[in-house]
Amino acid sequence: MKLYHYYEKNLGPFHSISDLTDEEADLVLRRIRAEKPDAFISKRPEDYVAKRRCFEGILREEFQKKGGLIERETPHYFVVEACPFFEKWYEQTEYIEVDAEQLDLRTVSFTYGDSHPTFSGNVKDGKEYRNRLYTYDEILGIIDKYGLPQVWNPDFKYGPECYVEVQVWSDRGLEPWLTRSLWHGSPYLLDKLMPQQAYDTGFELGCQLAVYATSNQDMAICFALGCEENQPGIEGRRTMMPEYGNRMVFEGCHPKYGGKGYLYQLDPKGFVHAMGSQWVCHHEVTPVKTIEINVDDYLDLCIVKV
């Protein structure tokens, strides 16, 4: 299942009005109405913020009843599959596509239709998905039964449901877009990053032909520190394991003391989640920015075993 998050291109993704105070949220809505009167988002009613907080409280309570894992006070919003309706929602609409399986599904809930009319009590047609929140397994059955609303009801002719709304109650799996960047570290100065075959004895997903990147900047820096053998002809080994935190372990080798390394800032678009903080892209990547670092400034990130 593909999940889509739509947003205003100039603002970037995951800017939620729910994360603001009431006063800040009202100011944002007034500015949108004044500056972008033709955008669909500017048509929201004056009491929108209060209603939104009310419905989010209902969503949170219903998800807790189902044993959902809530790691954020308010959710990040997506819809299931692409929905043309959102192309007119913003002045310049952009979107992020995420595979549902990249997320911890215990943190994901669904409503068949927008959550506001779903729980408003104003729609009294007796359909089973009114006033209902679903888990991932449950929504699969509902979609199988009714199909996607954007297919059979794209213009709201048959009711207020035009998409399946997704509420993600965690930041996990969305880090590249929340931090706005991914990072890649290398001892080499490069114009483009090309897919390379990786080998990880512990994790199959760490053995792909891909450009690897991470949402953890310190981890990327560790790979920028390079590697030199302690004794010529005797190959050393570098490893990063959770028990060492964000530190690289050098065995039979050491970082390139006195040398330079390069930290590459990458656009997360085109990357898919591999595992943990690792992301992969299966085609060449042009860095957004290249930062030269001094290896000796980051030796605290190294554990050198003699």
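Colleague: Which residues of helix 4 are buried?
Modeller: This is a predicted model, so keep that in mind throughout. In helix 4, which covers residues 136-146, the buried ones are Tyr-136, Ile-139, Ile-142 and Ile-143. They sit on the same side of the helix, because the arc they cover around the axis is only 115 degrees.

Colleague: Why would residues spaced like that point the same way?
Modeller: An α-helix has 3.6 residues a turn, so residues three or four places apart point the same way.

Colleague: And what does the face turned away from the buried side carry?
Modeller: Exposed residues: Asp-137, Asp-144 and Lys-145.

Colleague: OK, salt bridges. How many does a search of the whole structure find?
Modeller: The search comes up with 20. One of them joins Arg-53 to Asp-22, with 2.6 Å between the closest N and O atoms. That pair links distant parts of the chain, since Arg-53 belongs to helix 2 (residues 48-65) and Asp-22 to helix 1 (residues 22-35), 31 residues apart.

Colleague: Are those two buried or exposed, or something in between?
Modeller: In between. Arg-53 counts as partly exposed at 28% relative accessibility, and Asp-22 is partly exposed too, with a relative accessible area of 39%.

Colleague: Which residue forms a salt bridge with Asp-104?
Modeller: Arg-172 does, and the closest N and O atoms are 3.0 Å apart. This pair also links distant parts of the chain, 68 residues apart: Asp-104 is in the loop between strand 3 (93-99) and strand 4 (108-112), while Arg-172 is in the loop between strand 5 and helix 6 (175-178). Asp-104 counts as buried because its relative accessibility is 17%, under the 20% cut-off. Arg-172 is partly exposed at 36%.

Colleague: Which residues are linked with them in a network of salt bridges?
Modeller: Glu-71 and Arg-106 are in the network along with Asp-104 and Arg-172.

Colleague: Switching topic. Where is Glu-161 found?
Modeller: In the loop between helix 5 (149-152) and strand 5 (164-168). Glu-161 is buried, with a relative accessible area of 0%. Glu-161 and Pro-117 are 8.1 Å apart, C-alpha to C-alpha, though 44 residues separate them in sequence.

Colleague: Now the sheet with strand 17. In what order do its strands run?
Modeller: The order is 10-11-17, three strands in an open sheet with mixed pairing. Strand 10 (237-239) and strand 17 are the edge strands, each pairing on one side only. From one strand to the next, the twist averages 20 degrees.

Colleague: In which sense do strands 11 and 17 pair?
Modeller: Parallel, over four bridges, with strand 11 covering residues 248-251. Within that pairing, Glu-251 has Lys-305 of strand 17 as its bridge partner.

Colleague: Last one: what makes the nonpolar surface patch?
Modeller: Tyr-257, Leu-299 and Val-304 make it, and the patch is about 250 Å². Val-304 takes you back to strand 17, residues 302-305. The residue is partly exposed, with a relative accessible area of 38%.

Definitions and conventions. Residues numbered from 1 in each chain as written. Predicted model: local features only at pLDDT ≥ 70, side-chain atom pairs only at ≥ 80, totals over all residues. Heavy atoms only, no water. Patch = residues over 30% accessible without salt bridge, like charges linked within 9 Å, V, L, I, M, F, W, Y side chains within 5 Å. Areas by Shrake-Rupley, 256 points an atom, 1.4 Å probe, with all protein chains shown as cover. Salt bridge = Lys/Arg side-chain N within 4 Å of Asp/Glu carboxyl O. Helix = DSSP H or I, 4+ residues; strand = E, 2+ residues; numbered from the N terminus. Buried < 20%, exposed > 50% of the residue type's maximum accessible area, 1.4 Å probe, protein only. Pairing = 2+ DSSP bridges. Axes fitted to C-alpha atoms, helices over the stretch in contact; angles between N-to-C directions. Arc of directions from axis to C-beta.
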